Amino acid sequence: MFQDSTAAMDPRMRVADILREPLVIQGVGSRAEQEQRVAGLLDAVGLPRGAVHRYPHEFSGGQRQRLGLARALTLSPDLVVADEPVSALDVSVQAQILNLMRDLQREHGLTYLFISHDLAVVRHLADTVGVMYLGKLVEAGPAEKVYAQPLHPYTRGLLETVNLADPGAVSTVGRAPLRGEAPSAAKPPSGCRFRTRCPLAQDVCATTEPPVSTPNGEGHQVACHFPLAAPRLASAR
Ligand code: SF4
């Protein structure tokens with residue numbers, strides 16, 4: 001699933017052909033079976049079967065994202081990569097698409113790799129969260145743990161910036177809002193890539209890339225020289 005559902009579909013193809021194309025390329029089923037599969041996919045994502053005769057531009061953004069989900073499911077995958085799939089949609093439509101994704105996940109046993117800048121959306125959907133900065137994973141773990149007890153200053157900074165419906169669920173330990181602009185990913189800082197924006201940075205952060213550790217127990221990983229030490233370091237400055 002792509003962020004820009006318009007650019008993700010050939011404007012000259014009707015929905016019937018868009019959804020059937022993966023089956024044609026993979027040589028799955030007869031034409032009649034393929035058309036039956038397309039009808040089933042439209043049912044699954046809540047679009048009328050008559051949609052097969054229409055072109056992508058004849059749909060709203062939310063409907064096009066439903067088509068994107070249908071196309072992603074055409075070949076019955078185990079894994080769907082969804083790259084910012086709802087960021088271009090209104091909040092109410094976002095909720096519809098996210099709920100649909102969750103329903104289909106349960107129904108088809110799907111795994112989503114959901115890429116987003118919206119931490120409230122990630123929290124709504126994810127079991128496991130990975131936080132990336134300049135192309136590197138800086139923290140990863142069960143969503144509950146990452147949101148309740150973020151270990152990396154970047155994660156903590158991100159959580160400071162979102163207006164979560166339940167602010168009490170986010171730890172206030174070591175709160176440190178993000179500052180400055182992100183440097184170029186093509187020429188990242190030495191040592192820890194986050195050090196130019198980190199309020200907790202020490203000398204070692206400039207010379208040594210932080211190793212991955214699990215100070216909060218197995219499964220909750222962080223790449224930082226000083227995880228969980230934020231309050232002490234902050235007050236020492
Ligand atoms: S390694 Fe140092 S600069 Fe990087 S996040 Fe941790 S404290 Fe900040």
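Is Pro150 buried or exposed? Pro150 is buried, with a relative accessible area of 5%. Buried means under 20% relative accessible area, exposed means over 50%, and partly exposed lies in between, with a 1.4 Å probe and protein chains only. Pro150 sits in the loop between helix H6 (143-148) and H7. Its C-alpha is 8.2 Å from that of Glu139, eleven residues away in sequence.

Some ground rules come next. This is a predicted model, where local features need pLDDT of at least 70, side-chain atom pairs count only at pLDDT 80 or more, and totals for chains, interfaces and linings use all residues. Residues are numbered from 1 along each chain as its sequence is written, and side-chain values use heavy atoms, with hydrogens and water left out.

The protein chain holds nine helices and six strands. Helices (H or I, at least four residues) and strands (E, at least two) are DSSP runs, numbered from the N terminus. Of the chain's 237 residues, 41% count as buried. Take the contacts between residues at least 6 apart in sequence: 54% of them join residues at least 24 apart. Contact means heavy atoms within 4.5 Å.

Met1 lies in the segment before H1. Met1 is buried, at a relative accessible area of 9%. What does Met1 contact, leaving aside its neighbours within four places in sequence? The list includes Gln65, Gly68, Leu69 and Ala72. Val80, Val81, Ala82 and Asp83 are also among the contacts of Met1, as are Pro85 and Met101.

Helix H1 (residues 15-26) packs against helix H3 (residues 61-73) at an angle of about 30°, and their axes are 8 Å apart. The axes are lines fitted to C-alpha atoms, for helices over the stretch in contact, and angles run from 0 to 180 degrees between N-to-C directions. H1 and H3 are therefore roughly parallel to each other. Angles under 35 degrees count as roughly parallel, over 145 as roughly antiparallel, 65 to 115 as roughly perpendicular and the rest as oblique. On the H1 side, the contact uses Val15, Ile18, Leu19 and Pro22. On the H3 side, it uses Leu67, Ala70 and Arg71. By class, this contact has six nonpolar, no polar and one charged residues. Here Ala, Val, Leu, Ile, Met, Phe, Trp, Tyr, Cys and Pro count as nonpolar, Asp, Glu, Lys and Arg as charged, and the others, Gly among them, as polar.

The buried residues of H1 are Val15, Ile18, Leu19, Arg20, Pro22 and Leu23. Their cover includes helix H2 (31-44) and H3. Gly27 follows H1, and its phi is positive, near 65°.

Two residues other than glycine also have positive phi. Glu84 has a phi of about 50°. Glu84 lies in the loop between strand E1 (79-83) and helix H4 (91-108), and it counts as buried at 10% relative accessibility. Leu134 likewise has a positive phi of about 50°. Leu134 lies in the loop between E3 and strand E4 (136-142), and it is buried at 15%.

Now the rings. Rings of Phe, Tyr and Trp (its six-membered ring) pair if their centres lie within 6.5 Å; planes under 30 degrees apart count as stacked, over 60 as edge-to-face and the rest as tilted. The count comes to three aromatic pairs. One of them joins Tyr133 and Phe194, edge-to-face, at 5.0 Å centre to centre and 85° between the planes. Tyr133 lies in strand E3 (residues 128-133) and Phe194 in the loop between helix H7 (153-161) and helix H8 (203-207), so the pair ties together parts that are 61 residues apart in sequence. Tyr133 is buried at 3% relative accessibility, and Phe194 is buried at 2%. Tyr133, Tyr154 and Phe194 form one aromatic cluster.

Another ring meets a charge. The charged end of Arg54 sits over the ring of Phe59, 4.2 Å from its centre. The test is that NZ of Lys or CZ of Arg is within 6 Å of the ring centre and within 35 degrees of the ring normal.

Finally, return to the loop between H6 and H7, where Gln149 lies. Gln149 is partly exposed, at 31% relative accessibility. Gln149 and His220 are 71 residues apart in sequence and 9.9 Å apart in space, C-alpha to C-alpha.
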